[in-house]
Amino acid sequence: MDLRQRINAFVELGKFLEQFSADPFEENNAILHNDLFFDGFKHQIKIAQEHNAWFTKENLIFSFDGWSKLLTESNIKQWLNNYNFKGINPKKVAIIMAGNIPLVGFHDFLSVLISGHHVVVKQSSNDKHLLPFLAKYLETVAPEFKGKITFTTDKLDAFEAVIATGSNNTARYFEYYFKGKPSIIRKNRNSLAVLSGEETEDQLEALSEDIFRYYGLGCRNVSKLLVPKDYDFQKFFKAMYKWHPIIHQNKYANNYDYNKAVYLMSEFDMLENGFLMIKEDSSYASPIATVFYEYYTDSQTLKDKLQADSDKIQCVVANGLLDSEIPFGQTQNPQLWDYADNVDTISFLLKIS
C-alpha cells in the first residue's frame, strides 16, 4: 500500500465525515460504502453522547466538521510535501489516547497510518465509540489497512514505539514504563490569551470560542488571560455573553456551582457573570467554568515569561505579539501541521522506520 493509496483512503473518510458536519445530518449517497456505514455512525454518535455527557451533539458536530475540512487531498498533500516516505520499514506504534474532547487522538492515529506504520490504539474510556467505527470505514475503503489497525483494552505489548498523552502524573509512569522505546510522551499543557485592552468587540467575542468550546476541556482551550494593569473586564464579560446558555448543561453548571462555593468559602477575590468566573492566579490550569488571569507590565517581560514557561503552554492567542501566536477564535481549528507540544509527529515516525 503506497502513500497515494493511504492519502486517498483518508480523503474518502473526510467525505464521509462531512455528512455529519451540520445538524441535521445530511446523507450523501455518492459517498463510498454509505449504505453500510451512515446509519451505523449515527448510532455510534448517539452512544457517545449517552456515554459521556461532555460529548454533546454540538461539540461532536464541531469535531466532525473540523476533520472533514482537514481531510482533503490538497490539505494532506500540503502537510506531507516536505517529508520523504521512501523506504519505510513498518513498525508497530502504540498510541495511548486521552479522552477529554471527541476524537482527540485522531491526529496521532492518522499520522501513524499515513506514515505506513501499524497502529495499536489504547483509547480512553471517555471516548471509545467513534474511532473504532471510523477505522472500520477505512478498512472497507482500503482493505490494505486490515491487520494494520488494532484496538485494545489490555496491557500494551509487542510494540516498537509509543505515543502517549496524559497528565503530568501519568507521564512519569509512561516515561518509566516505556523507557528504551522510541516515544513521544505528552504532559499537561494549557493555552492562554494575551490582551492589551485594545481588542475589538469581534476579537473578544471570537475569544469566547477559544474559552468555551468543548467546555474548556481541551489543552487548546484558553484557561488563562494575561492582561495589563487596570484592565477593564467589563468589555470582556460583555463579549462572553453569547455563551450564557452553557450554564444549562448540567455537568458544567455543577462545576460552576462547586467552584464558586469553594472560592466564596475560601474568601478568594473573583469576578463572575452567572456562567463564568475569573480569578487572579499564577497557575495556567484553571477549573471548569473558571478562567485565571494575571497582570503584566511590559511586552518584553511578558515575552520572557512566555519563553520561560513554554513547556507548560500549548497555544498563545494574541494580536501582534509573537510569530507563533494564534488568532482570536482559532485555537480549536488547528492545521494538520500544527503539532501538539510542537513535536513533529511525522518526523518522529519516519526516524523509527
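Predicted model: local features only at pLDDT ≥ 70, side-chain atom pairs only at ≥ 80, totals over all residues.
Residues are numbered from 1 along each chain as its sequence is written, and side-chain values use heavy atoms, with hydrogens and water left out.

**View 1. The crossing of helices α1 and α3.** The axes of α1 (residues 3–18) and α3 (residues 57–70) come within 8 Å and cross at roughly 145°; helices are DSSP runs of H or I with at least four residues, and strands are runs of E with at least two, numbered from the N terminus. Axes are lines fitted to C-alpha atoms, for helices over the stretch in contact, and angles run from 0 to 180 degrees between N-to-C directions. Gly14, Leu17 and Glu18 of α1 meet Phe64, Trp67 and Ser68 of α3, where contact means heavy atoms within 4.5 Å. By class, this contact has 3 nonpolar, 2 polar and 1 charged residues; Ala, Val, Leu, Ile, Met, Phe, Trp, Tyr, Cys and Pro count as nonpolar, Asp, Glu, Lys and Arg as charged, and the others, Gly among them, as polar.

View 2. Five strands are arranged in the order β3-β2-β1-β4-β5 with parallel pairing, two strands being paired if DSSP finds at least two bridges between them. The edge strands, β3 (149–151) and β5 (183–186), each pair on one side only, and the twist averages 15° from one strand to the next. Strand β1 (residues 92–96) is joined to β4 (residues 161–165) by 4 bridges, and Ile95 stands opposite Ile163 in β4. Helix α7 (residues 168–177) lies across β1, β4 and β5, running at about 165° to β5.

**View 3. The largest cavity.** This cavity, with a volume of about 40 Å³, is lined by Met97, Ala98, Leu103, Gly105, Gln123, Asp127 and Leu131. On a 1 Å grid over the protein atoms alone, a cavity is a set of points where a 1.4 Å probe fits but cannot get out, a pocket is an open set with protein on both sides within 12 Å along at least five of seven lines, and lining residues have an atom within 4 Å of a point. Grid points are joined across faces, edges and corners, and a volume is the space filled by probe spheres set on the points.

**View 4. The second largest pocket.** About 470 Å³ of space lies in this pocket, and of its 18 lining residues Gln314, Cys315, Val316, Ser324 and Asn342 lie nearest its centre. Strand β11 gives the most to the lining, with 4 residues.
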